[in-house]
Amino acid sequence: MAKKTKKIILLAAILLIIGVLSFTQLPKDPAPFLSDKQVIKRINSFFSEAQPKIIQDRIFLDDTHVFVPFISEDDGYGMSFWIWKNNKWRAASVNEGGQPQVWNGEKKSKIIWNINPKDDVGEIRFFLKKEREFMVADGVDTYQPGMEMMHRITLQEKMYGVEEYPDHWQELMTQYAKIQAEDGQNEFLALGDGLQVFTSFYDAKGKETSPHTSFTGNGYSTGNDFVDVPFLVQVHENELEGEY
């Protein structure tokens, strides 16, 4: 075979390989989500402590993020988060417990939970709070009012779920974050740490309780695939100003 012909064949082979690799790396629409068996297998492959036995549900938070609550071999109630990335469904994080967390999406933030029935929780209350503050600087008194708003979720047969913030909460938090980004030196903002969401729990009789079983366990995230889902701090009745 002539030397020139060999070069042409080699060049064509290289272009073909580049074309195939480029095609496989092109972003694709999310494929149907994994089966229960696949979810269990993948969780066990990187966080065997979770020991998922029953996949309770698969709830899409948006087109590329999925919340998957599960029951473990030792009857624990855990949560896992999945992301469509590099054309595959990948486990982003897994927690052995079901303590409420917030998933901050591009358009909406959502509250996620999976409460163990052993904790006898009948209602979760969410509070959007900002502490009132007062300071004196350069002879100028500055007072910043506090704020406290409550949103109630009643648990019935399903102890797990996903719920968006109330619309006025979302708008308030968005505007507050926008002001912070525009002017970090604003005196109004310099006083406080901003808005924060807390939770409290009540049993079926309306008595405040602490779901200790749901708060136990470890968590694991997978590096670059991590989804930021911070836990919510529990607040007790004696720490609230309002009566609910």
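A patch is made of residues with over 30% relative accessible area and no salt bridge, like charges being joined within 9 Å and nonpolar side chains (Val, Leu, Ile, Met, Phe, Trp, Tyr) within 5 Å. A salt bridge is a side-chain nitrogen of Lys or Arg within 4 Å of a carboxyl oxygen of Asp or Glu. The model is predicted, with local features requiring pLDDT of at least 70 and side-chain atom pairs counted only at pLDDT 80 or more, while totals for chains, interfaces and linings use all residues. Residues are numbered from 1 along each chain as its sequence is written, and side-chain values use heavy atoms, with hydrogens and water left out.

On the surface, a nonpolar patch is formed by Leu10, Leu11, Ile14, Leu15 and Ile18, which together have about 490 Å² of accessible area (Shrake-Rupley method, 1.4 Å probe, only the protein chains shown counting as cover for residues). Ile14 belongs to helix α1 (residues 3-25); helices (H or I, at least four residues) and strands (E, at least two) are DSSP runs numbered from the N terminus. Ile14 is partly exposed, as its relative accessibility is 41% (buried means under 20%, exposed over 50%, partly exposed in between; 1.4 Å probe, protein chains only).

Strands β6, β7 and β12 form an open antiparallel sheet in the order β6-β7-β12; two strands pair if DSSP finds at least two bridges between them. Because β6 (101-104) and β12 (160-164) are at the edges with a single partner strand each, one side of each has no neighbour in the sheet. From one strand to the next, the twist averages 25° (axes are lines fitted to C-alpha atoms, for helices over the stretch in contact, and angles run from 0 to 180 degrees between N-to-C directions). Five bridges join β7 (residues 109-114) to β12 in the antiparallel sense, and Lys110 lies opposite Glu164 in β12.

A hairpin is formed by β2 and β3, with two residues between them. The antiparallel pairing of β2 (residues 59-62) and β3 (residues 65-72) comprises three bridges, and Phe60 has Val66 in β3 as its bridge partner.

Ser200, in strand β13 (residues 196-202), is buried, with a relative accessible area of 1%. Beyond four places in sequence, the contacts of Ser200 (heavy atoms within 4.5 Å) are Glu123, Ile124, Arg125, Phe127, Gln234 and Val235. Thr209 is placed in strand β14 (residues 208-209). Excluding residues up to four places away in sequence, Thr209 touches Asp119, Val121, Phe201, Tyr202, Asp203 and Gln234. Between Thr209 and Glu182, 27 residues apart in sequence, the C-alpha to C-alpha distance is 41 Å.
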